[in-house]
Amino acid sequence: MRDRLSFYILRESPIHRMNPLTKLTLVFSLILLAFLGPVEWLAILLFTTVILPLSFLAHVGREFLSATARLLLPVIGFLFVMQSIFLPGGGTALVQVWVLDITLENVNIAFVNATRILTMISSFLLLLLTTHPSALMSDLARRGVPGPISYTVTSTLQILPQMQVKAATIMDAQRARGLETQGNLMKRIRALLPLVAPLVFGSLVDVEERAIAIEARAFNSPRQKTSLVEIDDRPIDRRIRWGLILVVIFLLGSRLWLK
Amino acid sequence: MAQVTINNLTYTYPLTEEPALREISIEIQAGEFLAVIGANGAGKTTLCYTLSGFIPHFFRGELQGKILIDGLDTANSKLYEIVEKVGLAFQNPFNQISGSKFTVYEEIAFGLENLGLPRDEIRSRVEWILALTGIEDLAERSPYALSGGQQQKVALASILVMKPGVLVLDEPTSQLDPIGTREVFQVIRSLAHSGQTIILAEHKMEWIAEFADRVLVLDKGEIVRLGTPQQVLSDINLLSSGIGLSRYTRVAHRVNQQKLWPKGQRYPISLQEATEAFGRLLSQEGGSKK
Ligand SMILES: Nc1ncnc2c1ncn2[C@@H]1O[C@H](COP(=O)(O)OP(=O)(O)O)[C@@H](O)[C@H]1O
Ligand SMILES: [Mg+2]
């Protein structure tokens, strides 16, 4: 795990062969549809009938499910419960918790919101699992996206795995200094506090030094960049991108007309 | 004309009172090997940043004086123009990683992609530098999963591969053990022999004695000495500038304090010189006893 700075898993699959921009278009189409689509249950439909099958088509289904279960479900579950309880507005009460009513309507809204976030993050996860980070950056740069933007997009997508690596390093260091990082919950929470400052502050300092380092490597040179890894952009990629754009326009448009 | 000209340079970091560099003037010829020494905080890193354009383009602050690199005035040029002429390897290798690359091979290729070299040329240059720096076995490793010394070599290779006209190295062996240090200095030596202009901030006097054409001593941001290694590194007065001289020099100084050192003879700065000097001393002593 320490060796992995990104989620990317090198496998042979149609999704891996897909151009990075095509996958990025797919991700943004899925997000737009999940949040703004004509019907609310579209998000969960997209997750189960598009994202999940695609992860298996990409031969990363096992890793996709495990990352979703470990990283996503706790957050989404938490959001769901909090929204169910605390959203204002009345309606059909299901159960009462302390002074708060949990209403059918709120559970419904909470569920829709949770599935939307699930769709959003899991579609990024699928992109990360199947796309070499530097292929994404090079492809964006090659299409004339300004260097700083393509770099920001790429490195933002990698923040999570990098933080994971760094957190593990800091944890090791704290443990070596005798801090308790195992044991019961209170102990572990206390152990996390000294972790937060170096993680956040360290990341900020890193940003500055990293900026110098990539400048030193001619990153902001106005020359037309080239790329070491060959990035395919087949005609089918272009057709898929146009198809996705049309689907998005159609479904978002249908929502306007239906109103 | 000199390849690098620094003319009356004074620089103060933002939000600080005291200048970090004061009235620095020096000309560096093409192919020259200049070593910069000085205690911690003397201004070595600051000088490296100034030479490579990060001062004033990245660190703002107040800059007076002029720096010309191949006739290019750094203060009035774009950073990317300077970067193509001057390669800087930083003191801390951990943050020299681009953060977007998966393997050491790709990491080293990053600069060449940005310079827009064709793929074939990128590959042949990366393979050349991997061999030159002796890190072929790291090529497929993640740049994040390396030891400090390995990262330092990768960082050096990533700069060398861009073939800058002027190479600025800020303590490039700080994370390395003696064996790694020797390996890196062998690379630096072969570059120096090939006519590469090198400016090296370094603590390890024995290596400087062996390689440098000239040595510049900084103390509190000022040049206090500038001369050949033989002139500068044998000067015991440098101890007051917080510079640790080589053990050969220190031993000779001890001997001198015991009034056993020949009058007017310069202290040795390398194993070679020490062997000769002490050999002469011992043979004289043997001769006088006879
Ligand atoms: N970013 C900075 N901002 C303000 N002062 C700095 C900064 N970096 C270095 N300095 C100061 O400038 C002086 C020279 O530092 P530096 O060039 O790093 O010395 P050296 O590399 O010889 O150890 C020191 O007094 C240091 O505190
Ligand atoms: Mg320094």
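This is a predicted model: local features need pLDDT of at least 70, side-chain atom pairs count only at pLDDT 80 or more; totals for chains, interfaces and linings use all residues.
On a 1 Å grid over the protein atoms alone, a pocket is an open set of points where a 1.4 Å probe fits, with protein on both sides within 12 Å along at least five of seven lines, and its lining residues have an atom within 4 Å of a point.

Residues are numbered from 1 along each chain as its sequence is written, chains are lettered from A and ligands numbered from 1 in the order in which they are written, and side-chain values use heavy atoms, with hydrogens and water left out.

Of its 21 lining residues, Tyr8(A), Leu10(A), His16(A), His132(A) and Glu230(A) are the closest to its centre. Helix 1 (14-17) and helix 2 (20-36) of chain A are the elements that give two or more residues to this lining (helices are DSSP runs of H or I with at least four residues, strands are runs of E with at least two, and both are numbered from the N terminus).

Next, select ligand 1 and the residues with a heavy atom within 4 Å of it; among them are Tyr13(B), Ala42(B), Lys44(B) and Thr45(B). An oxygen atom of the ligand is 2.7 Å from an N or O atom in the side chain of Thr45(B), and an oxygen atom is 3.3 Å from a polar backbone atom of Ala42(B). A nitrogen atom of ligand 1 is 3.5 Å from an N or O atom in the side chain of Tyr13(B).

Now display chain B as a whole, whose secondary structure comes to 11 helices and 10 strands. Its C-alpha atoms fill a box of roughly 75 × 45 × 35 Å along the principal axes.

Finally, zoom in on two backbone details. Ile55(B) and Pro56(B) are joined by a cis peptide bond with omega about 10 degrees, and Pro56(B) lies in helix 2 (residues 54-57) of chain B. Lys163(B), a residue other than glycine, has a positive phi near 50 degrees, and its place is the loop between helix 6 (148-160) and strand 7 (166-170) of chain B.

How values were computed
A polar contact is a pair of N or O atoms within 3.5 Å; within protein, one must be able to donate a hydrogen and the other to accept it, and residues adjacent in sequence count only if both atoms are side-chain atoms.
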